[in-house]
Amino acid sequence: MSNVHVLDHPLIQHKLTYIRKNDTGTKEFRALVDEVSMLMAFEITRDLPLEDITIQTPVTEAVTKVISGKKIGLIPILRAGLGMVDGMLKLIPAAKVGHVGLYRDPETLTPTEYYIKLPSDIDERELIVIDPMLATGGSANDAIHSLKKRGATNIKLMCLIAAPEGVEVIQQEHPDVDIYLGALDEKLNEKGYIIPGLGDAGDRLYGTK
């Protein structure tokens with residue numbers, strides 16, 4: 001799985017454990033997701049290009065590096081993806097944020113798009129599609145297709161946790177999309193939930209059932 005990157009930084013793995021725990025309350029869950037998202041943003045932007053500029057320090061003139069004009073777009077899949085945006089914006093505050101709304105039918109597990117609002121220049125941006133859970137892969141697959149249909153060519157997918165079934169769908173449908181994960185779990189159960197997973201990310205973020 002050459003385009004799958006499991007971010008095994010100790011802080012990410014430590015915080016994921018507490019995100020998974022059944023007795024982690026809504027407030028703590030949100031804070032942990034925010035922190036892990038920031039840590040994942042650090043890893044996912046590792047290959048951003050740099051260029052040299054000349055600056056004046058308090059001591060002397062120096063040639064140092066800045067990010068080379070790379071435009072970033074964050075595209076959370078509603079609603080659970082919203083819980084990961086603020087953490088990423090702490091590191092990349094100049095990123096523009098678009099939104100894709102997808103509803104997963106509880107019986108068929110197929111996603112339906114009900115809302116999309118994107119930056120006007122997505123064809124010029126490196127887009128990071130954000131969804132805490134990559135389960136069947138249906139929602140992420142549809143979101144990526146929607147972006148490509150509107151001109152996007154440079155897309156990454158970032159998830160807290162994935163099932164192998166969802167990863168396989170993205171690899172088959174979008175071999176050009178790199179996948180960044182906090183953890184690759186065992187499998188899906190008969191209801192389409194990731195095992196061991198963390199339950200329903202949206203419900204745990206927003207205190208709903």
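Trainee: Leaving aside neighbours within four places in sequence, which residues is isoleucine 128 in contact with?

Mentor: Before we look, note that this is a predicted model, where local features need pLDDT of at least 70, side-chain atom pairs count only at pLDDT 80 or more, and totals for chains, interfaces and linings use all residues. Residues are numbered from 1 along each chain as its sequence is written, and side-chain values use heavy atoms, with hydrogens and water left out. Contact means heavy atoms within 4.5 Å. With sequence neighbours within four places set aside, the residues in contact with isoleucine 128 are Ile44, Ile72, Gly73, Leu74, Ile75, Met88, Lys156 and Met158.

Trainee: Which residues touch the most other members of the largest nonpolar core?

Mentor: A nonpolar core is a set of buried Ala, Val, Leu, Ile, Met, Phe, Trp, Tyr and Cys residues joined through side-chain atoms within 4.5 Å. Buried means under 20% relative accessible area, exposed over 50%, and partly exposed in between (1.4 Å probe, protein chains only). In soluble globular proteins, nonpolar side chains tend to be buried together. Here the largest core has 35 residues, and those touching the most other members are Ile19, Leu74, Met88, Ile128, Leu160, Ile161 and Leu198.

Trainee: Which element gives the largest share of this core?

Mentor: Helices (H or I, at least four residues) and strands (E, at least two) are DSSP runs, numbered from the N terminus. The 35-residue core has Ile19 and Leu74 among the residues that touch the most other members. At least two core residues come from each of H1, H2, strand E4 (72-78), helix H3 (85-91), strand E8 (126-130), E10, E11 and H6. The largest share, 7 residues, is supplied by H2.

Trainee: On which side or sides of H1 are the buried residues put?

Mentor: In helix H1 (residues 10-20), the buried residues are Ile12, Lys15, Leu16 and Ile19. Their arc around the axis is only 110°, which puts them on the same side of H1. The arc is that of the directions from the helix axis to the C-beta atoms.

Trainee: How wide is the arc of the buried residues of H5?

Mentor: Helix H5 (residues 164-173) has Gly166, Val167 and Ile170 as its buried residues. Looking down the axis of H5, these residues line one face of the helix, because they fall within an arc of 100°.

Trainee: How many residues apart in sequence are the parts tied together by arginine 20 and aspartate 185?

Mentor: A salt bridge is a side-chain nitrogen of Lys or Arg within 4 Å of a carboxyl oxygen of Asp or Glu. The side chains of arginine 20 and aspartate 185 form one, at 2.7 Å from N to O. Arginine 20 belongs to helix H1 and aspartate 185 to the loop between E11 and strand E12 (187-188), so the parts they tie together are apart in sequence by 165 residues.

Trainee: Which residues are linked with Lys71 in a network of salt bridges?

Mentor: Lysine 71 meets aspartate 121 in a salt bridge, 3.6 Å from N to O. This pair links the loop between strand E7 (111-117) and E8, which holds aspartate 121, with the loop between E3 and E4, which holds lysine 71. In the network, Lys71 is linked with Asp121, Glu124 and Arg125.

Trainee: Is valine 63 buried or exposed?

Mentor: Valine 63 sits in strand E3 (residues 61-67). Beyond its neighbours within four places in sequence, valine 63 is in contact with Asp52, Ile53 and Thr54. Its relative accessible area is 57%, so valine 63 is exposed.

Trainee: Which residue does a cis peptide bond join to isoleucine 195?

Mentor: Look in the loop between strand E13 (194-195) and H6, where proline 196 lies. Omega is about 0° for the cis peptide bond that joins isoleucine 195 to proline 196.
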